[in-house]
Amino acid sequence: MKMDAARFYALLRFEEASLALRAVMRMRLVDEIGDDNLSHSALREKFGFTEQAARTFFALLQVMEILQHTEDGHSVTPLAAECLADGVASSRKPYLSMGTGDDVDAFIDLLRGKHPDDALPLYSGEDAGETVMDNTDVAREIAIGLSSRARNFAQPLAAAVATKAASAKTLADVGAGSPYVARDCLNAMPELQKVMLVDRVNGMQFAREIMDTERIDASRIEFHEGDFFNAVPKADVYVLSNTAHDWRPPEYSVIIDHINASMPEDGLICIHEPILMTAWKNDSEWLHALWMACYAQTLLRFTLGEGTCYKLEEHHAILGKAGFEPSGSPVPTSDGCTALFYQRADRCEN
Ligand SMILES: C[S@@+](CC[C@H](N)C(=O)[O-])C[C@H]1O[C@@H](n2cnc3c(N)ncnc32)[C@H](O)[C@@H]1O
């Protein structure tokens, strides 16, 4: 039986909801906002959050029904006002905040852009100093852990890419991490002649290890070791999977600009990501929204405030700046991820 740890990965994410709730109480967020209706930036400035922290934290608080968002701005929900405020008879804050400790203070610091001097980012560009990925033992756990998720989604992702780009000859998996997407795209796309894995040396070593242990046919797979902030190889199709979410919008845009510079006129980009959503139609969609918003907060913490999940409109805006438009509808794959496709605006029929 193929080991599938997806459920455990998802369960771990929900601790973020507890952390966010305890941070709300520690900051007296409900009392501080009171009856005010504040714009995103006014709320962000009130609490001294960075932009990336604010968009991530406020989205989670919306899904947790602590904040509500209207056209005029953010305000506290009646439920939160009743249960999480100080000095209200109905408040459950004294009980709910029991056991709150240093982890909450460290998290609030991170929301404000502060972290311990010795904290290392998970990833970086080649010239930006040491990262967690430079510690080989820890990096192996991370890379192998992530690859077990990639093994799950590689087939549905490859099937989605094959539908959109059946005649593509070359594909680049940017920030590849593992060879599973390459292998399954080669299986699903008969015209494909080669797949290029693009990753930094400290990540690529594990993709090579997985190729060997899984005995994956390497004849049509090329390794491009390098920094995607410098350049990406030429390809007909680009897959950027679970990688945009490690960066702020300006860095995400730099990767897209490099893809844009190397891609042919009729090329295709597949952004494969967990998508943040702050509206839902039923309980099951709400649970998915909570998972994604919790995941965004995990990313924010792991990347020292750089990463997050983006909403569909935010992806569209970042790709749109580089001249791309969505091509077709989003395709859910597995493990909470969704494939979004983009083409140059003048090539899109929809
Ligand atoms: C979260 S992992 C995603 C792996 C895989 N694509 C997936 O969907 O599971 C991000 C990947 O980007 C790579 N990466 C991070 N910074 C990079 C950089 N500056 N240049 C190239 N690759 C980078 C990491 O080594 C890692 O393999």
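The lining of the largest pocket holds 24 nonpolar, 16 polar and nine charged residues. Here Ala, Val, Leu, Ile, Met, Phe, Trp, Tyr, Cys and Pro count as nonpolar, Asp, Glu, Lys and Arg as charged, and the others, Gly among them, as polar. This is a predicted model, where local features need pLDDT of at least 70, side-chain atom pairs count only at pLDDT 80 or more, and totals for chains, interfaces and linings use all residues. Residues are numbered from 1 along each chain as its sequence is written, and side-chain values use heavy atoms, without hydrogens or water.

A pocket is found on a 1 Å grid over the protein atoms alone: an open set of points where a 1.4 Å probe fits, with protein on both sides within 12 Å along at least five of seven lines; lining residues have an atom within 4 Å of a point. In all, 49 residues line the largest pocket. Leu122, Tyr123, Ile142, Leu146 and Arg149 lie nearest its centre. The largest share of the lining, nine residues, comes from α9.

The ligand takes up the space of this largest pocket (more than half of its atoms lie within 2 Å of the grid points). Around the ligand stand 21 residues, each with a heavy atom within 4 Å of it. Among the closest are Gly175 and Ser241. Helix α9, residues 136-164, gives the most to this shell, with three residues.

Now the polar contacts (pairs of N or O atoms within 3.5 Å). A ligand nitrogen is 2.9 Å from a side-chain N or O atom of Asp227. A ligand oxygen lies 3.1 Å from a polar side-chain atom of Asn242.

Methods. Polar contact = N/O pair within 3.5 Å; in protein donor to acceptor, adjacent residues only side chain to side chain. Helix = DSSP H or I, 4+ residues; strand = E, 2+ residues; numbered from the N terminus.
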